[in-house]
Amino acid sequence: MIKVLVVEDDPMVGKLHEHYLTQIKGFQLCDIVRNSDEALKIMQTKEYNLVILDILCREWMVCSYWQK
């Protein structure tokens, strides 16, 4: 099972991701967060195989986490 985290500040787009991911066999939508602070916090306690990141999100702190 591919565990997915969605980082999306637009609730409507987040719901679209949820709709599609719940229909794809082998993917499990674990969490949807709305900003980089939430993403960083949750990634310290959980592991994901895939992160869908809104590249137009107002905050970019989450990107520095992956550079480490």
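**Figure 1. Leu-16 on helix H1.** Leu-16 sits in helix H1, which spans residues 11-21. Helices here are DSSP runs of H or I with at least four residues, and strands are runs of E with at least two, numbered from the N terminus. This is a predicted model, where local features need pLDDT of at least 70, side-chain atom pairs count only at pLDDT 80 or more, and totals for chains, interfaces and linings use all residues. Residues are numbered from 1 along each chain as its sequence is written, and side-chain values use heavy atoms, without hydrogens and water. Leu-16 is partly exposed, at 45% relative accessible area. Buried means under 20%, exposed over 50%, partly exposed in between (1.4 Å probe, protein chains only).

**Figure 2. The largest nonpolar core.** Eight residues build this core: Leu-5, Val-7, Val-33, Ala-39, Leu-40, Ile-42, Met-43 and Tyr-48. Strand E1 (2-7) and helix H2 (36-43) each give two or more residues. H2 gives the most, with 4 residues. A core joins buried Ala, Val, Leu, Ile, Met, Phe, Trp, Tyr and Cys through side-chain atoms within 4.5 Å.

**Figure 3. The whole chain.** The elements run β-α-β-α-β-α from the N terminus. Of the 68 residues, 29% count as buried.
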